[in-house]
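The structure comes before the details.

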Amino acid sequence: MKTEVPVVIAFVAGMLMIVSLFSPHPVFAGPAAVMRNWAIVITAFAYVLGVANIARISAGTVRTRGRDWRYKVVLLASLGGMLGIGLAGGIQGGGLFDWSYMNVMVPMQSTMFSLLAFFIASAAYRAFRARSVEATLLLVTAVIVMLGRVPVGERLWSGLPAFTEWIMEVPNMAAKRGIMIGAALGAISTGLKMILGLERSYLGSDK
Amino acid sequence: MRPLTIAAGAASGGLDGHVLGTWVAAALTLAIFSFLYKDNPVYKLAEHIFIGVSAGYVVCLEYWNVFVPNLWNPLVSGGEFILVVPFALGLLLFTRFSPRAAWLSRWAIAAMVGSYAGFAVIGALQGDLIAQVRAAMIPVYSADAAASLGAAAGGNDYVFALLAVLQNPLTIIGLVTTLFYFFFSREHRGGLGMASRVGIWFLMISFGASFGYTVMSRVSLLIGRLHFLLSDWLGVIR
């Protein structure tokens, strides 16, 4: 029950998806569509489980007055506030949920990501030392791509934006294509191993 | 359902949602930027607000976009009682909180993993493997590009005509040598070693390009935030 049933469920669900691609007959396509919807619904529960876990751990920290417990109170209040607004009032555009998203979440998210501009620059200063052919290629390409995207690059050489595009579309794309083909082969083999029950690490321990 | 709103416009006599929103966004932006000085209580406060709001946002989206239309309405209003199965499987996920019953969550995890593994196999096959191999099926020599090189006047025209001639051979060499680099069944010595070394050069160019691209996108976001502070909030620039 603990191991065999999950392996059978994974096999049936996975094979339905694969078989429905090769045979769109209603015998396979119908159950595959149902299974697809079930997977989406269960995934929604998984998101809720993740958030419930955050709330549980934070509440535990507050209860025991653990490290940074005051911030956990803020976290729980923010979480509760957003849940209350979204679940009670809906997520329609122009509502309070939308206002919270546009004025609280979006500014913080983009500022968090923009902070990376500073850290990436300091990391580059330390890492970008042209000590080998490989490091030099990485450094030169990065500099060309950065210069090719700003007006000063075009001032230096009028062909720089077009040359940047060529780098993106030829040597960059060639390597990316190799990575994508390798990753696709890996994804296919791992997916098949999971469906066939050869890879069971997602079940956790055997207890 | 009628959405909860903040009255727009001071003329209505209510709270001006736009002005309040700008001040809230500016305060939170500055709080996050304060991390550039050092990790401090203001940053930590903003960080925890961000985590809480983001988590709440995800749950609300899943509730309104998945739970209600895909499960609750068809089950309660549509009488599709078969949906009790995914509902029960979803609830079984919460047995993770009980060590004795946690094994029951494996059924739901298996349904997700099996389905998404099936999607992944199909997606990787159709979207990546076949599409990328097909895109790589190009002629080594392009007569049009060679003709353009012959007609090029000089300067930038000549440089880009030459690059166009090199485009297909370099794409093929880059792909093949990159694949050689990822071929681990034999030791990288001799011809295979040379080919994989060339593959590393292409990979380095690709990583450099990705790095440069990422830096520029982050700088673009930074400019966006500074523009918001100086224009929308302070009104210093128009």
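Which side chains meet in a salt bridge at 3.4 Å, N to O? They are those of Asp68(A) and Lys44(B).

## Basis

This is a predicted model, in which local features need pLDDT of at least 70 and side-chain atom pairs count only at pLDDT 80 or more, while totals for chains, interfaces and linings use all residues. Residues are numbered from 1 along each chain as its sequence is written, chains are lettered from A and ligands numbered from 1 in the order in which they are written, and side-chain values use heavy atoms, with hydrogens and water left out.

## Salt bridges and polar contacts

Over all chains, the structure holds four salt bridges (a side-chain nitrogen of Lys or Arg within 4 Å of a carboxyl oxygen of Asp or Glu). Asp68(A) sits in the loop between H2 and H3 of chain A and Lys44(B) in helix H2 (residues 41–77) of chain B, so this pair joins two chains. Helices here are DSSP runs of H or I with at least four residues, numbered from the N terminus.

Between chain A and chain B the count is two salt bridges. There are also 16 residue pairs in polar contact between these chains, both residues at pLDDT 80 or more. A polar contact is a pair of N or O atoms within 3.5 Å; within protein, one must be able to donate a hydrogen and the other to accept it, and residues adjacent in sequence count only if both atoms are side-chain atoms.

## The contact surface

Chain A brings 116 residues to the contact (heavy atoms within 4.5 Å) and chain B 119 residues. The area buried between the two chains is about 10,900 Å², with carbon and sulfur atoms giving 80%. Buried area is the accessible area (1.4 Å probe) lost by two parts on being put together, summed over both.

## Helix H7 of chain B

H7(B) covers residues 190–233. Gly235(B), with a positive phi near 70°, follows H7(B).

How values were computed. The expected span of a helix is 1.5 Å times one less than its number of residues.
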